[in-house]
Amino acid sequence: MRSRKNKLSFVFLLITVFPISIYARSFVLVFRFDDLSDAVSTLDETYDSYSDSDDFPDSAPQPDSVVDPGSWSHIFEPPACVNGTIIINNEDRNDYDGIYCEGLRKMMESGSRGGYRVMEEAASEIEVAAAAGHPHAQSVIGFWYNMGMTRERSQAKTFLYHSFAAEGGNMQSKMALAYTYYRQDMKDKAVKLYAELAEVAVNSFLISKDSPIETIRIHNGQEENKEALRKSKGEEHEDFQILEYQAQKGNAGAMYNIGIFYYFGLRGVRRDHAKALRWFSKAVEKGEPRSMELLGEIYASGVGVEKNYNKALEWLTLASEQKLYSAYNGIGYLYVKGYGVEKNYTKAKEYFEKAAANEEPGGFYNLGVIYLKGIGVKRDFKMAHKYILMAVKAGQPKAFYQMAKMLHTGVGMKKNLPVAISLYKLVAERGPWSSLSRWALESYLKDDVSTSFLLYSRMAEMGYEVAQSNAAWILDKYGDHSMCMGESGMCTDAERHRRAHALWWQASEQGNEHAALLIGDAYYYGWGTERDYVRAAEAYKHAKSQLNAQAIFNLGYMHEHGLGLPFDLHLAKRYYDQVLEVDRAAKLPVTLALASLWIRKNYANSFLINMIDALPEVFPEVDAWVKDVIMEEGNATILTLFVCLLTILYLRERQRRHAAAGDLAPPLQPLQ
């Protein structure tokens with residue numbers, strides 16, 4: 001897309017003949033609760049499809065190295081992968097674990113050290129492990145076939161290798177397969193895989209706290225998202241250092257926040273449970289209730305400390321006494337499971353009700369579960385649906401999972417596989433494999449664009465919309481510096497454009513309006529693909545469905561000129577009018593576009609129309625001149641001074657002529 005500076009220079013003329021970028025909004029997923037609110041099932045209440053599931057799972061989440069053993073995060077987060085050895089929960093493949101790890105390490109380093117030659121070395125080592133049946137090596141080869149790296153791109157072989165890897169327990173291949181089924185509308189297969197992945201994700205959460213993930217969009221439309229990137233620089237950033245200073249001076253809230261950053265690995269801070277526990281412990285000495293609650297949940301789960309249910313109950317009780325109502329959920333959980341206390345469903349329900357009475361989402365969720373499964377109460381699908389829906393509306397991730405199960409199985413609700421899949425997908429994307437986004441962002445902030453692109457591409461294959469958008473933006477923004485690799489060397493410009501196009505398209509399918517707009521532009525101008533006005537119009541319509549003002553404007557323009565859409569001035573006017581309904585700031589371009597319509601309607605086949613229609617052929621030369629000459633900082637300053645000088649001379653000359661003509665108007669005051 002053209003730069004904003006260029007557009008401003010000729011907006012008064014070119015707006016009538018060229019679609020321009022009015023603005024680009026960030027993508028926000030909007031869920032329709034209407035799909036969930038009217039669907040209580042009339043199934044016989046003795047139906048017990050949930051009897052084999054435990055919606056109050058054991059309190060000890062498995063380490064990431066066990067839950068996601070083939071994760072690429074092992075390369076970045078010791079001690080899982082150090083000096084060619086890797087900790088993988090599979091004793092039968094120990095001989096090939098080191099080979100896989102070394103190949104993975106070389107792959108990550110290929111962009112910054114050695115380029116394609118190092119990638120070929122990585123491929124040879126990964127292939128040795130894959131041939132021996134190593135599932136995580138097979139997953140990497142599936143990724144390569146999908147990307148067309150070191151081999152010809154093949155969707156069939158991508159599917160084959162990911163299927164083998166998924167059978168061997170590779171979670172990232174399961175995510176990739178689930179997303180493939182999702183895109184191909186193979187609902188039965190997609191829902192089965194996403195249900196499994198979502199369950200793993202939920203079981204990795206703490207009792208009442210989910211694992212927050214930061215999906216940072218590194219761009220905001222066409223520009224780098226500097227504000228979001230600024231806040232993600234970890235311990236080196238001044239905001240973190242100020243917070244740390246406040247914590248060292250005794251600020252309990254700052255202690256809690258730093259503990260959160262270390263515990264979950266947020267804001268670019270490396271995850272460190274030991275440091276997190278030290279800060280939480282200091283905060284509770286100051287009476288900080290949120291730290292008390294987290295310590296209670298940490299002792300109950302045994303993550304970073306030895307499991308101790310008595311301490312868990314003690315800290316949760318102290319937090320609840322300070323009116324931190326979410327702590328009631330942890331206490332209720334202990335009574336449901338009988339951990340540190342005698343199992344008592346009645347008391348558990350009372351604690352959940354206390355949390356819910358104070359509008360705590362976890363309380364809604366837990367009440368929904370006990371009514372759904374009949375834990376200490378008579379099973380009541382209507383009550384279960386009521387509470388779980390309240391938790392979903394409050395954004396509780398476990399409630400999304402529970403609602404998906406109800407829609408999937410038809411227990412408590414009518415079956416609705418499309419919505420169930422969408423909910424499962426939202427939860428699955430919060431699993432431990434999402435940690436790749438942390439390392440992709442860290443690499444980008446360290447100017448290691450090639451590693452960042454590789455990691456975002458892996459996540460893009462797994463269906464993460466933000467990763468698809470980020471990977472595409474890196475290709476477009478950095479070009480050769482993205483270290484895009486193809487079948488037998490570095491990507492050509494055409495291949496890089498095709499990859500970016502495919503990534504933008506995938507992001508647009510998931511509702512990213514900016515991606516849909518860029519796809520439309522690619523087809524309209526022939527960037528990286530053949531020019532196709534019909535497909536451009538389809539992409540713009542997709543962006544229009546997200547109320548993108550630029551896409552609506554472009555559709556009006558295409559109707560006005562009969563490009564990819566029927567020539568229809570009435571429809572063009574309707575689209576132009578709709579732009580103002582979406583964005584009042586677009587009044588100037590819309591006014592000029594309507595003026596163009598008026599000229600086209602009243603002076604058809606005149607020289608004015610011929611002149612307007614000929615402008616696109618002139619624009620590239622004018623655009624280049626504006627960019628290369630006028631918009632240079634020094635030239636722009638000189639031009640501004642020159643225009644001011646001409647204005648002064650003109651006003652002086654007009655004053656002189658008026659005086660000579662005997663004009664009685666008061667003289668122009670001299671400029672100060």
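In the predicted model, Q138 is placed in helix α7, which spans residues 135-147. The relative accessible area of Q138 is 10%, so this residue counts as buried. Apart from neighbours within four places in sequence, the contacts of Q138 are with A130, G133, Y161, F164 and A165.

The protein chain as a whole contains 33 helices and 4 strands. It comprises 672 residues, of which 51% count as buried. Of the contacts between residues at least 6 apart in sequence, 60% join residues at least 24 apart.

Helices α9 (residues 171-183) and α10 (residues 187-203) have axes that come within 8 Å and cross at roughly 145 degrees. The crossing of α9 and α10 is left-handed. On the side of α9, the contact is made by M171, K174, M175, L177, A178, Y179, Y181 and Y182. The residues contributed by α10 are K189, A190, L193, Y194, E196, L197 and V200. By class, the residues of the contact of α9 with α10 comprise 12 nonpolar and 3 charged, with no polar ones.

Helix α10 also contains D188. With a relative accessibility of 57%, above the 50% cut-off, D188 counts as exposed. The C-alpha atom of D188 is separated by 9.3 Å from that of I421, although the two residues are 233 residues apart along the chain.

Helix α23 (residues 436-445) is mostly covered, with 9 of its 10 residues buried. These buried residues are L436, S437, R438, W439, A440, L441, E442, S443 and Y444. The elements against which the buried residues of α23 pack include α9, as well as β4 (223-224) and α11 (226-230). Packing of these residues also involves α13 (252-264), α24 (449-461) and α25 (465-478). Just after α23, the backbone at D447 adopts a positive phi of about 65 degrees.

One of the helices packed against by the buried residues of α23 is α13, and Y263 lies in α13. The relative accessibility of Y263 is 4%, so Y263 counts as buried. Not counting residues up to four places away in sequence, Y263 touches L206, R271, H273, A276, F280, I298 and V303. A separation of 9.5 Å is found between the C-alpha atoms of Y263 and G304, which are 41 residues apart along the chain. Y263 also belongs to an aromatic cluster, in which ring pairs link Y256, Y263, F264 and F280.

Aromatic pairs number 23 in the structure. One of them, formed by Y371 and Y387, is stacked, with 6.2 Å centre to centre and 10 degrees between the planes. This pair links distant parts of the chain: Y371 is in helix α19 (residues 361-373) and Y387 in helix α20 (residues 381-393), 16 residues apart. Y371 is buried, with a relative accessible area of 13%. Y387 is likewise buried, with a relative accessible area of 14%. A second pair, that of W473 and Y478, has ring centres 6.2 Å apart and planes at 80 degrees, so this pair is edge-to-face. W473 is buried at a relative accessible area of 4%, whereas Y478, at 23% relative accessibility, counts as partly exposed.

K386 lies over the face of Y387, at 5.2 Å from the ring centre. Y387 is therefore a member of the stacked pair with Y371 and a ring with K386 over its face, while counting as buried at 14% relative accessible area. K282 lies over the face of W279, at 4.6 Å from the ring centre.

Notes: Residues are numbered from 1 along each chain as its sequence is written. This is a predicted model: local features need pLDDT of at least 70, side-chain atom pairs count only at pLDDT 80 or more; totals for chains, interfaces and linings use all residues. Side-chain values use heavy atoms; hydrogens and water are left out. Rings of Phe, Tyr and Trp (its six-membered ring) pair if their centres lie within 6.5 Å; planes under 30 degrees apart count as stacked, over 60 as edge-to-face and the rest as tilted. Helices (H or I, at least four residues) and strands (E, at least two) are DSSP runs, numbered from the N terminus. Buried means under 20% relative accessible area, exposed over 50%, partly exposed in between (1.4 Å probe, protein chains only). A charge sits over a ring if NZ of Lys or CZ of Arg is within 6 Å of the ring centre and within 35 degrees of the ring normal. Axes are lines fitted to C-alpha atoms, for helices over the stretch in contact, and angles run from 0 to 180 degrees between N-to-C directions. A crossing is left-handed if the near helix is turned anticlockwise from the far one by less than a right angle, and right-handed if clockwise. Contact means heavy atoms within 4.5 Å. Ala, Val, Leu, Ile, Met, Phe, Trp, Tyr, Cys and Pro count as nonpolar, Asp, Glu, Lys and Arg as charged, and the others, Gly among them, as polar.
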